[in-house]
Amino acid sequence: QRCPSTTAVSIYFLHQHPPHMSSTNPETVPTVPLPPSMQPPAQSDSDTDEDSLSEIQLYQRRKRMQKNIKEYIQKYDVEDSPLFASNQDEVMDSTVVQAIQAMTYEDPPNEVAEGFKEQGSEALKEKNYRNALISYTQAIDACLEAKQHMALLNEKAGPDNIDMMHDLDPNLSGDDLQKALTQRRNAFNLLWEQMQKDPNMKQKIDSVEMQCFNNRAQVQLTLKNFRKCIEDCREVLAYDARNVKAMWRTVKSAYELRRYKLCKRYCTKATTIINKQGTTQDRKTLPLFEKHIKLSDQQIQKQIIKKREQVMKDRDNRVVEIIQESGIKLGKDEIQTNQLPPGAKPKKSDRVVLDENGKMVFQVLFVYDEFNQSDFIQAFHEEDRLVEHLGAMFPPHGPPFPFGNEKDQERYVLDNIEVLYFDQTRMGSYNDVYVRVKLNDSLGDVLRQGNYRLPNNLLPVFHVVHKDARLLKEWKVVNGNE
């Protein structure tokens, strides 16, 4: 709430002789984004429905926006403006700021705001963004204050029913208190008279306010304060849902913020409006909106792909963590991704799943090196013994061995095979080392052996050969405990 003034000064004075304007020495605000502490809360791509907000809620939100803007202006060395001075004593010494705080209403508030708007537009033409920001903010502030007072007058059916002591400085007393009460009473009386003379005053104030929001959005866009630009544009579109300029500024800001869904949504709205009832000037912007729809679609697809990749990466990392926490060590891949057998899950994290008890279920590859063939097991529980799966794959209880000739089919039975894994811990030795596996061991026991390294692609590979195979003589074979 603003502090009451003890000096009644015409608001008209403000936009005739603004203390901060200087046409001979324009200054510009540095083109940097708002610091995080001053940024508004991040908006999702689903904007708040303006229709669901009451007039009081809209007013409160706009007051918060104004506070953020003033903090931003202070940040960039504009404390010399009385309206935004950080020292309260300096503020109260300024008759100009006293006038705007008191809102004497000796002139219609829409004219007061219009004066500030004109100053802002002149400053914007001169690329004096600091003063443009200040003037537009002053105009919006004047509109907000006037509409608050008008709402109070309507609610109380006139100034006679308003508690003039409400929100006054409790430290005021004596003559100062009487002056403040008199000034406030006079201001409300003048505003009430103007409201009676001009039933359309609120609409006029709304119109000026929205023009200032739209113009201030352009300043914010120029300064690359994209979130603040979107905030101002939302105020404009709440008042005029067909405002193409506000839509375009929203589109540009949303694209810069990588809020591509929001960008596309406003592009779509704009193209629909322009095609139905757009002006000649609006139609010139149609190719820009259509271009940004395509650009947004491309970026949305990239975001989807990137998000999926990140989700898969996170899943892969979590699966790896679970595997390592269980005591299994990771190593290098034995087969490349493009050599994976049919049925192997394309996603690394899908090759290992957890059962209801938190135990791991792997996909497993058995390689028959003598025949350059393999068998692929879709689900091999870590507590299953190797013999349980191999017994179903080889005679006497399984089907005939499908590879080689009849002699090979007779040789490859369960009792005559050796199962081994490649020892990655001894890579680089003269001969590759293979470790013999006990068929009665569970898969989990084998994977946790000291020399075993689970391939990075999470696909265990075991080599199956006949006990008399020549390969066993060519390889260096050791037992699991050696």
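Trainee: In which strand is I377 found?
Mentor: I377 is found in strand β3. Please keep in mind throughout that this is a predicted model.

Trainee: Why is I377 called buried?
Mentor: The relative accessible area of I377 is 13%. The word buried is used for values under 20%, so I377, at 13%, is buried.

Trainee: With which residues is I377 in contact, leaving aside its neighbours within four places in sequence?
Mentor: With neighbours within four places in sequence left aside, I377 is in contact with F362, Q363, V364, F366, H389 and M393. As for F366, it stands 11 residues from I377 along the chain, and the C-alpha atoms of the two are separated by 8.0 Å.

Trainee: Let us turn to N372. What makes N372 count as exposed?
Mentor: N372 has a relative accessibility of 70%. Exposed requires a value over 50%, and N372 therefore counts as exposed. Its place is in the loop between β2 (360-368) and β3. Phi of N372 is near 55°, a positive value in a residue other than glycine.

Trainee: Why does R258 count as exposed?
Mentor: The relative accessibility of R258 is 61%. Because the cut-off for exposed is over 50%, R258 counts as exposed at that value. R258 lies in the loop between α10 (244-256) and α11 (260-277), and has a positive phi of about 65° although it is not a glycine.

Trainee: How do you know that S296 is buried?
Mentor: S296 has a relative accessible area of 0%. Buried means under 20%, so S296 is buried. This residue lies in helix α13 (residues 286-325). Leaving aside neighbours within four places in sequence, S296 is in contact with Y255, Y260, C263 and K264.

Trainee: Now the helices. What makes α6 and α8 roughly antiparallel to each other?
Mentor: Helix α6 (residues 129-156) and helix α8 (residues 201-222) pack at an angle of about 150°. Angles over 145 degrees count as roughly antiparallel, and α6 and α8 are therefore roughly antiparallel to each other. Their axes are 9 Å apart, and the crossing of α6 and α8 is left-handed. The residues of the contact of α6 with α8 divide into 16 nonpolar, four polar and five charged.

Trainee: Why is α5 called roughly antiparallel to α6?
Mentor: The axes of helix α5 (residues 109-125) and α6 cross at roughly 165° and come within 7 Å. The threshold is over 145 degrees, so α5 is roughly antiparallel to α6. The crossing of α5 and α6 is left-handed. By class, the contact of α5 with α6 has 13 nonpolar, six polar and one charged residues.

Trainee: Next, the charged pairs. What makes R216 and D232 a salt bridge?
Mentor: The closest N and O atoms of R216 and D232 are 2.9 Å apart. A salt bridge needs a side-chain nitrogen of Lys or Arg within 4 Å of a carboxyl oxygen of Asp or Glu, so R216 forms a salt bridge with D232. R216 lies in helix α8 and D232 in helix α9 (residues 226-239), so the pair ties together parts that are 16 residues apart in sequence. Both R216 and D232 are buried.

Trainee: Which parts does the pair of E382 and R448 tie together?
Mentor: E382 forms a salt bridge with R448, with 2.9 Å between the closest N and O atoms. E382 lies in the loop between β3 (373-381) and α14 (386-393), and R448 in the loop between α16 (443-447) and β6 (461-466), so the pair ties together parts that are 66 residues apart in sequence.

Trainee: Why is R448 called partly exposed, and why does E382 count as buried?
Mentor: R448 has a relative accessible area of 30%. Buried means under 20% and exposed over 50%, with partly exposed in between, so R448 is partly exposed. E382, at 8% relative accessibility, counts as buried.

Trainee: How many residues apart are D408 and R411 in helix α15?
Mentor: D408 and R411 both lie in helix α15 (residues 406-411), three residues apart, about one turn of the helix. Their side chains meet in a salt bridge of 2.8 Å, N to O. D408 is buried, and so is R411.

Conventions. Residues are numbered from 1 along each chain as its sequence is written. This is a predicted model: local features need pLDDT of at least 70, side-chain atom pairs count only at pLDDT 80 or more; totals for chains, interfaces and linings use all residues. Side-chain values use heavy atoms; hydrogens and water are left out. Helices (H or I, at least four residues) and strands (E, at least two) are DSSP runs, numbered from the N terminus. Buried means under 20% relative accessible area, exposed over 50%, partly exposed in between (1.4 Å probe, protein chains only). Contact means heavy atoms within 4.5 Å. Axes are lines fitted to C-alpha atoms, for helices over the stretch in contact, and angles run from 0 to 180 degrees between N-to-C directions. Angles under 35 degrees count as roughly parallel, over 145 as roughly antiparallel, 65 to 115 as roughly perpendicular and the rest as oblique. A crossing is left-handed if the near helix is turned anticlockwise from the far one by less than a right angle, and right-handed if clockwise. Ala, Val, Leu, Ile, Met, Phe, Trp, Tyr, Cys and Pro count as nonpolar, Asp, Glu, Lys and Arg as charged, and the others, Gly among them, as polar.
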